Structure formats: structure tokens, C-alpha cells
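Please look over the sequence and the 3D view before reading on.

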Amino acid sequence: MKLHQQYLLLHSRFGQLLEHEVTLSDLAELLECTHRNTLTIVKKMVAQDWIRWVSQRGRGRRSTLTLLVPADQIAAEYMMQAMNRRELQQAAEQVGAFSNSPTMQDHLNQWLLGYSGHHTEAGSHNERIDMLRLPIRQQLHALDPLYINLLAESFVTSHVFDGLVQRNEQGEIVSCLSHTWDVSPDRKTWFFYLRKGITFHNGHLLTAADVVYTFERLQSTERRTLYRDVSKQILSIEAADPLSVCFKLKAPHELFLPFLSTSRAAIVSQATYGQHKDGNKEQDVPNTKQKPIGTGPFKVTTWDDHVCRLEAFPMYFQGRAHLDRVDILQIPWSTPVHLDERQDIETPFFHLVHNPSSSEGRDWTQISADVMVCKLLTCNTQKTGPLSDPDVRAHVQACIAELYGGNGMNESDTEDADQKLIHAKEMTHSSHPPTLATPISLHIATIPQYRMDAKHLASSLEMCGFSCTVRIGTMEEFKGNLRLESDLILFSLIRDRDEELRRYDLYLTLSEHLEDSSKKRVQEMLQIVVASQISADRTAELDRIERFLVQLSLLFHLSEKPVETAYLPSVRGLSFNSQGWVNLRHIWFP
């Protein structure tokens, strides 16, 4: 691959398709090589038809060099070779300057089509090994249920860990690690009865002590974990015997059982995640790249900055996965991963492509998992500032309604969210939204994934008379002071089978940056939600909270888009979990 690097170095100095007079000594100095090695490099590039070299003999005589191949094409080839050798970080650094090149993106996406998907190879005993390669754009920072923040991390952990209960394909809560459960008439005491003979990936038997440890660990953390308020409602948890666990709640909480089906409540091994050897309490920081140990259908055998390898756990209590191996590849370029819509798709490979383009090709099927991603904007009225004024908030609401065509997108609108925001910016020149006489300064807080959304929003609001500054922070920074120090907070809500929990957690978190009267009202309505045993009643109350926030210009909808998956007919057993991710345990290939 060094030859590719050397060509990129030449290109950075000389450019393409122009004839340059240069001596061999000049090239040797640039490439930091001897004259002999430089001549060898030139001959190799000529043989590859990368350059034209007209040599002039004699000391000081200048030869003619012409670079024939675009740098982004060479960079793409370099990247593809690096991907095969797993030298991803080195390659990403080398070709970073070309990452936005359409030509390079085409090359990389073409290569990705062949590299990802279903492959087979022969095992040590000549048996068939079925392997699936999945590319993702999010880097996996944590695979411990306590520390996960990203959807990609949740996707992996959902296949590595199990909970006491789970949701089936219809969204109903059913047994998992526990084969059944009881609840007291006052709904404050819950008994769960564990299955016998379940083993963790390290061979340890699952017992009630692991369940007790999992929730004590969750309650003791200072991290602002998702659904934290629900876990804090646990008054005590005890192991009644090795296979029975008793939870006592501070008060009845009808979201407690749904919470137990989420990745946050996944059961971990006390032997693996418990006390340190010196007996000190476990630190509240993730152990970077520690291989997670769960009871799930797949175990993690490799995990670094570039690939996470899952292998089927043969002792899985609900039945072995059909796939033998899944390689989750973190691609180090920023282009959207999708099929080139200009091509005819003839590849036999299977690909999971979330949010695919509308024209995936005649051989592809597109399916929705009934999951929506809603991008939202809220006002921080806890902070003393312009948004404490209801009239200013109403003006923001009017601008958003004008710029975004009402209060957000319809569920049927599949236009890309970034394009929607760009379109909103363009509309400002034709629709003439209301403009302030004196500009008002606003700070918009968000996370890196929504950087472009925030920038487009800021540009659009500036057309209405606001002066906006965008603040980007990590997920942990966003959960902390960043949002409390900002005026507008941009984030998303996932509408999946855990929607009740997600909305409850959203409105509770949102209430923290509302002025006192609105905060009290929202929290009173949330208490009605958790006390309602009927799901339809809880949904109605959550809808009432949303209307309350919209009416007071505290919550604005920006966009809503379905999460979809494209796949080839060769895949069988396609199903989705509660978060809309493909269930890898069930899929297989004839």
C-alpha cells in the first residue's frame, strides 16, 4: 500500500494532468528515498498507468512528470486495501483530505457492496461457516449496558445480553431469563422466577445474585442513564433463593415491567463486572474495550476501534443462531452508506441498509420496522434569557412553522431530514417569515450526530432575526450542563415499541429545563402516566403532555422519518426487535 501513499504525496505537490519538469533528486527528496528506490517507484507507477514519465539523462537535466489518475481514486484503492487488512485508522488518516470527494465515495460504496453482506467460508473441519458483515457509521464506544448511549451500541448489546423479560414481534412483553413472574395486588412487589441452567458466555451459571448485582450496580451509578428515573423507583431487590428475585418498589410504577425489557436492564455477570481484586467499589467509568459477557445468542470475540465480531453462542437457551459469525465494521469515512441508485443491483449478497434511498434497485425489498425518528427542539426556560418571554418563544414557533411547513413532517414524508432543513433555509428567501427588528442571540445545543441539523436550523432562524450559536457536546456533556446553559436544545425521539418509556423519559428530562410552574405541571401529568394500568390511558396522558408543551411554545417538531431496511430476497427469517433492529438470531441464507 505504500505505493498509494507515495502517489498521494506526489499529487499533493504536483496535481493532476499537468506536465511538470522535475529531477529525480527532487522526487527522492519529496519521497524521502534513495535515487535507486525513487527510480523503482517511478517504474512501478508507470507500469500501473498512474503517471507518464519522460526521462532526461544527465546531471541536472529535468524529466517530465504527468500524473494521470485522480487522487481520490488512488485514495479509495488505498482505503479498500486497508479495510481488508483492518488497517483502518491509518488509511483514514491518509485519505482524510479526499473523504468528501464524490468519486472516492462512489469507489468506497462500490467496494462496500462486495465486502459487506452474507459470505461463507470453510471451517477447520470443512464445515460451512455463515458470516454476515455489517457496516456502521457510529463508532462503538461501549458495550456495557450501563454505559451505552448510541443506537448502534444498543443493537450490539441486544444480541449479547438478555433481560428478565423481552418483547416479542408483536410488541408484547414475554418471558426471557425469567420463565414467569408475579406481582402483588398493590403492584409494589414483583417476583421473578429464573430459568434453570442458563449460562453466561464465560460458562458461569446465571443465578439470582447476578440479577441483584445488575440492579444494585444500575442504582449506584452517578451517570444519567436512559430510564434512570424508573430504576430509581426500586426500593429494594433481594434473592429469595438462587432462582427467585424479589423487587420492591417505592410506589406502583406501570413502566417498571416495560423497563425490564430494555437494554438498560440487561443482566450482567457479577463475576465479570463485580468487585475489583483489591475489594474497592467498582469505578463509575467504562472499562474501554472490555469484551462484554452476557447470556445472549452471540458472544463478542473481537472488539477494537474498527471491528466488533460476534460469534454464535452454541449454549443459548432459546436456540442457537443460524448465523455463525457477524462482523460489525465501523467504516472510517463520513459518506452515507447506501447503494448507488444509478446501478443495477445484481449482487447475491444480503445487506442491511437503514434509511435506504427510494430507488434501491429491482432486486431489493424495502421493509419498515414501524420505527420513526423524530427530531425535536425544546426551549430552556429555566435559564434566564430571551426564551423566558412567551412572545419570543411564540415567534420561534411561528418561524419554525413557516420554515418547516407546519409543525414538522408527516409520517409519510420520507424526505431526508438534512434535505428538509436545507429546503427550509431556501424557503426563507421566498416565504418571508416574520423578522425581529432587533436580533436576539440564542445558543443551540446538540450532539455531534445532529451537527448539520443544528447549523441549518441556526441559518434558518437567522433569517427571522435571531443570531444563533451552535454548541456541540458529547452525549455525557449534553446530558449535563450543556443543555442547561443553552436556549434551544435539539435532539431526537425514537418512536419504537418502547415509545411509552422513551416519551416518559423525554418529558421528565425536558421538565428539568422548564420554569417552575411548567415543570410542576409536566411532572404531575407524568405521575398520572405511571399510575395508569391501561396502555391506552398512558398514551393519552403522554399526548396531553405533548400538547401542553406545544401550546406553551416549549416543544417544536422539526422532522419525522421512518427507519427502513433494504434486503435481498435471499435472506430468510427477517424480523425486528423492539427498537427496530434486525434480529440477527433468526436470519439465515439457503
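Predicted model: local features only at pLDDT ≥ 70, side-chain atom pairs only at ≥ 80, totals over all residues.

The chain has 590 residues, and 52% of them are buried. It holds 18 helices and 20 strands.

**Overall make-up**

- Among contacts with a separation of 6 or more, 68% join residues 24 or more positions apart.
- A search of the whole structure gives ten aromatic pairs.

**Aromatic pair Tyr7–Trp50**

- The ring centres of Tyr7 and Trp50 are 5.5 Å apart. Their planes stand at 70 degrees, and over 60 counts as edge-to-face, so this pair is edge-to-face.
- Tyr7 has a relative accessible area of 0%, so it is buried.
- Trp50 has 5% relative accessibility and also counts as buried, because the limit is under 20%.

- Phe215 and Phe247 form an edge-to-face pair. The distance is 5.0 Å centre to centre, with 90 degrees between the planes.
- This pair, too, links distant parts of the chain. Phe215 is in helix H8 (residues 208-220), Phe247 is in strand S11 (residues 244-249), and they are 32 residues apart.
- Phe215 is buried at 1% relative accessibility.
- Phe247 is buried at 0% relative accessible area.
- Which residues do ring pairs link into a cluster? They are Trp181, Trp190, Phe192, Phe215, Phe247 and Phe256.

- Leu164 lies in the loop between helix H7 (151-160) and strand S6 (165-167).
- Is Leu164 buried or exposed? Its relative accessible area is 1%, so Leu164 is buried.
- Neighbours within four places in sequence are left aside here. Beyond them, Leu164 is in contact with residues including Phe192, Phe215 and Phe247.
- Other contacts of Leu164 include Ser175, Cys176, Leu177 and Ser178. Leu194, Val211, Leu260 and Ile267 are also among them.

**Helix packing: H1 with H2**

- H1 packs with helix H2 (residues 24-31) at an angle of about 115 degrees. The axes are 10 Å apart.
- The range 65 to 115 counts as roughly perpendicular, and H1 and H2 are therefore roughly perpendicular to each other.
- Their crossing is right-handed.
- H1 contributes Gln6, Leu9, Leu10, Arg13 and Phe14 to the contact. H2 contributes Leu27, Leu30 and Leu31.
- By class, the H1 and H2 contact has six nonpolar, one polar and one charged residues.

**Helix packing: H16 with H18**

- The axes of helix H16 (residues 499-511) and helix H18 (residues 535-551) come within 11 Å. They cross at roughly 35 degrees.
- H16 passes H18 in a left-handed crossing.
- From H16, the contact uses Glu500, Arg503, Tyr504, Tyr507 and Leu510.
- From H18, the contact uses Ser535, Arg538, Thr539, Leu542, Asp543, Ile545, Glu546 and Leu549.
- By class, the H16 and H18 contact has six nonpolar, two polar and five charged residues.

- Asp49 is not a glycine, but it has a positive phi of about 60 degrees.
- Asp49 has a relative accessible area of 55%, so it is exposed. Trp50, in contrast, is buried.
- Tyr227 is not a glycine either, and its positive phi is about 65 degrees. Tyr227 lies in the loop between H8 and helix H9 (228-231).
- At 3% relative accessibility, Tyr227 counts as buried.

Notes:
Residues numbered from 1 in each chain as written. Heavy atoms only, no water. Phe/Tyr/Trp six-rings, centres within 6.5 Å; stacked < 30°, edge-to-face > 60°. Buried < 20%, exposed > 50% of the residue type's maximum accessible area, 1.4 Å probe, protein only. Helix = DSSP H or I, 4+ residues; strand = E, 2+ residues; numbered from the N terminus. Axes fitted to C-alpha atoms, helices over the stretch in contact; angles between N-to-C directions. Parallel < 35°, antiparallel > 145°, perpendicular 65-115°, else oblique. Left-handed = near helix turned anticlockwise from the far one by under 90°. Contact = heavy atoms within 4.5 Å. Nonpolar A, V, L, I, M, F, W, Y, C, P; charged D, E, K, R; others polar.
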